[in-house]
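Please look over the chain and its fold before reading the points below.

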Amino acid sequence: MFITLEGPEGSGKTTAVEAAVKALEAKGYEIVRTREPGGTPIAEQIRNVILDKANTKMDPRTEALLYAASRRQHLVEKVWPALKEGKIVICDRYLDSSLAYQGGARGLGVDNVLNINLFATENTWPDLTLLFDIKPEIGLQRIASNANREVNRLDLEKIEFHNKVRDTFLSLAKKYPDRYVIIDASMDRESVAKATLDAIMNRLCK
Ligand code: TYD
């Protein structure tokens with residue numbers, strides 16, 4: 001089972017899933033937690049190039065290709081082997097982030113970005129995608145008030161960019177209703193955590 005967590009900046013997806021992971025492990029499931037871009041040494045090196053605030057000259061297609069390259073390396077080294085061993089892989093961001101950020105917000109086009117990602121992933125789709133939906137104003141405020149969260153090059157984009165990210169995620173949820181579950185990330189922490197575990201358990205018991 002391959003589960004991905006998606007959403008705009010500051011949606012709290014990482015925190016929300018922590019409680020769900022603990023509960024699943026207590027039930028005996030083997031979980032691999034990972035993230036994109038990164039998750040393996042080569043993919044983390046690519047991540048550093050993409051997110052470096054100094055790289056203001058990065059071309060949008062270069063950015064999309066680097067995310068796809070990092071994704072590929074992460075699949076080969078970490079995700080595919082874990083899935084083969086029957087583990088549940090829970091990954092912070094995946095292909096849908098490229099569709100929303102590079103395809104929608106950067107304006108490269110969702111279909112163009114999908115094409116390079118189908119090449120990169122050899123059509124590996126998540127079984128379940130949890131979309132932690134929140135208004136960008138609230139998400140960005142959360143980041144600003146969290147001293148432990150490093151601000152990256154994408155965080156520094158204007159509010160219109162983040163609105164486009166959110167709108168694209170919502171349209172992807174409509175396009176792929178079988179694998180998408182939308183979670184209202186503006187709820188309190190406990191409610192978000194509960195909705196997260198419920199969505200995963202529903203999918204596991206299907
Ligand atoms: P990260 O610090 O991991 O952010 P978050 O905690 O919000 O997941 O940084 C990842 C950034 O990269 C984030 O701004 C979203 C962006 N991104 C893309 O633009 N395209 C992608 O394909 C992926 C995976 C992430």
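Pro37 sits in the loop between β2 (31–35) and α2. In this predicted model, the peptide bond from Glu36 to Pro37 is cis, with omega near -15°. The points below take up another loop, then the helix pairs, then the ligand.

- Glu122 is found in the loop that runs between α5 (110–121) and β4 (128–133).
- Phi of Glu122 is near 50°, which is a positive value in a residue other than glycine.

**Helices α2 and α3**

- Two packed helices are described by the angle between their axes and by the distance between those axes.
- For helix α2 (residues 41–51) and helix α3 (residues 60–84), the packing angle is about 160° and the axes are 9 Å apart.
- Angles over 145 degrees count as roughly antiparallel, so α2 is roughly antiparallel to α3.
- The crossing in which α2 passes α3 is left-handed.
- On the α2 side, the contact involves Ile42, Ala43, Ile46, Val49, Ile50 and Leu51.
- On the α3 side, these residues meet Glu63, Leu66, Tyr67, Ala69, Ser70, Gln73, His74 and Glu77.
- By type, the residues of the contact of α2 with α3 are nine nonpolar, three polar and two charged.

**Helices α3 and α4**

- α3 also packs with helix α4 (residues 95–105), at an angle of about 175° and with the axes 11 Å apart.
- α3 and α4 are therefore roughly antiparallel to each other.
- From α3, the contact uses Glu63, Ala64, Tyr67 and Arg71, and from α4 it uses Leu95, Ser98 and Gln102.
- The residues of the contact of α3 with α4 comprise three nonpolar, two polar and two charged.
- Glu63 and Tyr67 of α3 take part in the contact with α2 and also in the contact with α4.

**Helices α1 and α8**

- The axes of helix α1 (residues 13–26) and helix α8 (residues 189–204) cross at roughly 50° and come within 8 Å.
- That angle makes α1 oblique to α8.
- α1 passes α8 in a crossing that is right-handed.
- α1 contributes Thr15, Ala16, Val17, Ala19, Ala20, Ala23 and Leu24 to the contact.
- α8 contributes Arg189, Val192, Ala193, Thr196, Leu197, Ile200, Met201 and Leu204.
- The residues of the contact of α1 with α8 divide into 12 nonpolar, two polar and one charged.

**Around the ligand**

- There are 16 residues around the ligand, and of these Glu9, Lys13, Arg93, Ser98 and Gln102 come nearest.
- Ser98 and Gln102 are also among the α4 residues in the contact with α3.
- An oxygen atom of the ligand is 2.7 Å from a polar side-chain atom of Arg93.
- The side chain of Tyr67 has an N or O atom 2.8 Å from an oxygen atom of the ligand.
- For Arg47, an N or O atom in the side chain lies 3.1 Å from an oxygen atom of the ligand.

Methods:
Residues numbered from 1 in each chain as written. Predicted model: local features only at pLDDT ≥ 70, side-chain atom pairs only at ≥ 80, totals over all residues. Heavy atoms only, no water. Axes fitted to C-alpha atoms, helices over the stretch in contact; angles between N-to-C directions. Helix = DSSP H or I, 4+ residues; strand = E, 2+ residues; numbered from the N terminus. Parallel < 35°, antiparallel > 145°, perpendicular 65-115°, else oblique. Left-handed = near helix turned anticlockwise from the far one by under 90°. Contact = heavy atoms within 4.5 Å. Nonpolar A, V, L, I, M, F, W, Y, C, P; charged D, E, K, R; others polar. Near = heavy atom within 4 Å. Polar contact = N/O pair within 3.5 Å; in protein donor to acceptor, adjacent residues only side chain to side chain.
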